[in-house]
Amino acid sequence: MSNPQYKPCGTVDHRIARRQFMGEFFTGLGVTGLGVTGLGVTAGTSLFSHPLGASQVAKAGKSVVVVYLNGGVSQFESWDPKSDLQTGGPFKSIATSVPGIHVSELIPHTAKQMHHMALIRSISTDLDDHALSNNIVRSGRTTRSATEYPELGAVVAKGLERADFPLPGHITTMLGGIGGRSNNAAYLGPRYASVAVGAEKGGIVNSQLPDGMSVQVDSRRHDWRRFVNSQHRSKVQSAEIDAYAQSYEQALRLMEKRDLFDISREPEAYQQAYGKTEFGKQMLLARRLVEQEVPFIEIQHGGWDFHHNNFEFHLHYVADFDRPFAHFIADLSQRGLLERTLVIVMTEFGRTPTINAGYGRDHYPKAWSIALAGSGIQHGAVIGSTDAKGVEVTERKVDHRHLFHTYLRAVGIDSSGEFEVAGRKFPIADPAFGPIEELLA
Amino acid sequence: MSFPNPANLASTDPPTKQPDELPRFDPVGAKPLADWEHASKLLCCRVDPTGTYVVAGGIDQAIQRWHIATGSKTTLLGHENWVRTLGFSPDGQRLYSGGYDGRWIAWDIASEVPKPLKVVDAHRGWLRGLAVSPDGQRIVTCGNDRLVKLWSADDGRQIQQWSTEPNIPYCTLFAPSSDPTHSGDILCGDVVGNVYHWTHPRAELLRKFDATELFFHIGDIAPFGGIINMAFSPDGKQLTVVGLHQCTNAPAGNRRAVAMSFDWQTGQKGLKQECLKKELDATLWRGLYHSSGTLIGILEKEIAFWNSGSHDVFHLVTTPSEIFDCDLHPNQIDLYTAHFDGHVRSTRLGSL
């Protein structure tokens with residue numbers, strides 16, 4: 001897969017030199033890792049496991065991109081196809097770019113990128129409710145509360161934070177809609193919660209000044225807001241107020257970057273290559289955000305909960321996913337971005353081996369799969385396996401807690417470390433678990 | 001409704017009675033006749049035109065042939081994926097099967113253990129629909145490659161093909177022909193509710209029927225519904241397409257079964273027929289006409305009956321398991337159904 005108009009100036013030396021400069025510049029200012037709520041890393045437990053230390057990893061400008069297949073993609077019709085007559089379904093397996101690894105015939109384009117990827121086929125969790133499973137796979141904890149622990153995006157945004165970074169560190173892309181900030185950072189505070197950015201032709205939705213308002217007038221408005229805020233802030237100490245103030249400033253910086261979200265600025269050939277579907281556009285937007293070194297980007301691809309008509313729907317849904325996703329991986333690789341980007345194809349659980357009477361598959365947390373690509377992992381690896389019918393994990397059972405550690409370690413965040421928030425220490429990931437070491441590069 | 005054990009059935013109540021011994025057609029008096037068990041889910045079934053065999057295909061990639069009089073079962077192997085559709089030549093000598101492997105296979109159905117006579121790799125991706133022409137000379141198939149293909153039934157040679165791009169075709173049918181030497185025009189229904197009418201042998205697209213009310217787009221990604229099956233009324237004046245409508249949550253299967261008819265001459269849309277008597281999340285997987293003009297349909301576990309011109313069903317027969325295909329015995333009184341639980345059941349649609 002190639003981008004005909006892309007002529008990268010992508011030598012390794014060039015990239016390292018630029019990032020070293022930027023990183024040293026910020027480190028020299030002494031602002032790395034500081035947040036408005038007074039967050040810091042506990043002394044003696046380095047946040048970063050990279051042998052060169054925290055500042056070096058911060059320079060690396062790593063990103064995590066989560067493609068969330070909301071509703072529960074079938075492992076049979078994607079990463080772990082089976083030929084069993086009663087459970088396997090009507091789709092065959094195909095070879096990939098890694099000898100010996102086969103995936104569903106529904107992902108022929110992604111199959112060609114398998115040499116950049118790894119599969120985990122032995123995930124076993126115990127919740128089959130969408131909301132609860134969403135919580136655990138996103139937080140890496142066994143919890144029934146959606147707000148108890150920060151989600152992966154918040155942890156990564158905090159862990160890979162760079163001071164004065166002009167964009168939010170935790171972005172959920174959306175096409176259309178007005179966007180907004182979610183409540184998924186728990187004790188890390190709203191600074192690290194996801195910002196849903198609605199993109200349209202011309203940039204971010206609602207990011208233009210109202211008709212009749214000049215830049216000068218707008219600037220004076222903000223000066224007045226800052227003045228009033230600082231007056232109030234001198235009397236009242238509140239992390240919430242600080243977060244609001246920070247959100248305003250972040251929004252202003254985001255408005256200055258509105259062009260970044262305008263994918264119509266991409267050459268037509270790129271837009272065609274990603275596909276002009278909603279998902280294709282979001283993947284192209286994600287690539288633009290990776291280029292800007294946004295720490296965490298999530299793209300949602302929803303509606304995979306096929307209790308009915310599973311095979312017909314997967315035929316279309318997986319095809320909708322396959323080409324844009326594969327092109328995204330190839331594009332990142334070609335631009336030299338994949339080596340600093342971890343891509344996770346996440347979902348909340350798998351689907352049953354049993355085919356129900358509506359020719360659907362129901363929720364199945366007992367044995368399911370995800371795929372990873374890019375930074376920090378062994379490419380071409382397959383972790384674990386399931387039996388011939390796809391009913392049981394037969395080798396290397398892992399769960400959401402192992403995965404959470406693994407994601408963080410893959411981008412250089414020491415998942416055994418702790419966050420310190422307002423004097424309290426919080427383990428970054430569940431301390432009773434660890435990463436899938438053999439998957440890490 | 002309980003179905004008798006087939007082992008007892010064959011000796012006590014053979015379903016191949018002579019027509020003068022058969023009850024009159026009366027679905028309200030329907031009763032279970034036979035129940036043949038198989039170990040795997042079944043997707044399709046047909047009764048051969050001589051009334052000797054019932055055949056059924058399923059997800060175990062095999063076709064089961066039951067001898068109706070004795071209940072003896074023979075397995076036909078040749079497909080390499082789910083067997084989706086079946087059809088007989090008018091003389092009952094040839095069975096044609098189509099599968100998710102993209103193949104159609106011709107079988108000598110009367111042989112002791114039928115072997116494939118002809119295997120044709122017809123479509124890239126699933127073969128979805130197959131029909132045999134009234135004169136037995138032609139086969140028409142359609143598949144996920146968005147092609148409709150006309151074949152010589154005799155030697156498997158492709159004669160013609162049409163594209164339904166960008167939509168996937170779902171089912172095919174030959175129009176009735178008053179000329180016994182004429183194969184009939186070709187119809188194809190697609191997943192978004194179009195019915196294409198191509199003339200034969202000139203292969204021109206004559207017209208399209210619009211049944212897009214039977215189609216839903218899920219998340220701008222996947223079609224849901226479309227033309228699941230088609231049938232002509234006994235007088236050939238009405239084309240009836242079947243499927244689903246009123247979809248409220250496709251991934252959960254919330255929809256209602258429906259049949260929609262068109263005047264064959266004018267193309268004018270006629271009555272919609274639904275099941276209002278009982279609320280069912282269902283697709284009408286097949287509709288077929290009894291010679292009396294009664295429309296018979298299968299939806300979930302129910303066999304439904306509509307009088308000509310009636311909006312709602314006048315009777316439902318509940319079976320033990322979801323039904324995915326059905327066929328009438330040539331005696332016009334016994335209905336055979338292929339079930340999700342692997343059984344083929346027959347129901348006698350009347351009483352003495």
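**Figure 1. Helix 4 of chain A is largely enclosed by the rest of the structure, because 8 of its 10 residues, which span 130-139, are buried.** The model shown here and in the views that follow is a predicted one. The buried residues of helix 4 of chain A are A:Leu132, A:Ser133, A:Asn134, A:Asn135, A:Ile136, A:Val137, A:Arg138 and A:Ser139.

**Figure 2. Helix 5 of chain A packs with helix 11 of chain A at an angle of about 25°, and their axes lie 11 Å apart.** That angle makes helix 5 of chain A roughly parallel to helix 11 of chain A, and the crossing of these two helices is right-handed. On the side of helix 5 of chain A, the contact is made by A:Leu152, A:Val155 and A:Val156, while helix 11 of chain A contributes A:Phe404, A:Tyr407 and A:Leu408.

**Figure 3. Helix 9 (residues 278-291) and helix 10 (residues 310-334) of chain A have axes that come within 9 Å and cross at roughly 20°.** These two helices of chain A, helix 9 and helix 10, are therefore roughly parallel to each other, and helix 9 of chain A passes helix 10 of chain A in a right-handed crossing. From helix 9 of chain A, the residues A:Phe279, A:Gly280, A:Met283, A:Ala286, A:Arg287 and A:Val290 take part in the meeting. Their counterparts in helix 10 of chain A are A:Asp320, A:Phe321, A:Pro324, A:Phe325, A:Phe328, A:Asp331 and A:Leu332.

**Figure 4. B:Asp185 lies in the loop of chain B between strand 15 (169-174) and strand 16 (186-190).** With a relative accessible area of 17%, B:Asp185 counts as buried, because the cut-off for that word is under 20%. Leaving aside residues up to four places away in sequence, B:Asp185 touches B:Leu173, B:Phe174 and B:Ala175, as well as B:His197, B:Trp198, B:Thr199 and B:His200. One of these neighbours, B:Trp198, is 13 residues from B:Asp185 in sequence, and the two are 6.0 Å apart in space, C-alpha to C-alpha. The side chain of B:Asp185 also reaches the backbone nitrogen of B:His200, at 2.9 Å.

Figure 5. Of the 441 residues of chain A, 57% count as buried, and of the 352 residues of chain B, 63% do. Chain A exposes about 17,500 Å², with carbon and sulfur atoms supplying 54% of that area, whereas the accessible surface of chain B comes to about 13,100 Å², of which 46% belongs to carbon and sulfur atoms.

Methods. Residues are numbered from 1 along each chain as its sequence is written. Chains are lettered from A and ligands numbered from 1 in the order in which they are written. This is a predicted model: local features need pLDDT of at least 70, side-chain atom pairs count only at pLDDT 80 or more; totals for chains, interfaces and linings use all residues. Side-chain values use heavy atoms; hydrogens and water are left out. Buried means under 20% relative accessible area, exposed over 50%, partly exposed in between (1.4 Å probe, protein chains only). Accessible areas come from the Shrake-Rupley method with a 1.4 Å probe; for residues, only the protein chains shown count as cover. Helices (H or I, at least four residues) and strands (E, at least two) are DSSP runs, numbered from the N terminus. Contact means heavy atoms within 4.5 Å. A polar contact is a pair of N or O atoms within 3.5 Å; within protein, one must be able to donate a hydrogen and the other to accept it, and residues adjacent in sequence count only if both atoms are side-chain atoms. Axes are lines fitted to C-alpha atoms, for helices over the stretch in contact, and angles run from 0 to 180 degrees between N-to-C directions. Angles under 35 degrees count as roughly parallel, over 145 as roughly antiparallel, 65 to 115 as roughly perpendicular and the rest as oblique. A crossing is left-handed if the near helix is turned anticlockwise from the far one by less than a right angle, and right-handed if clockwise.
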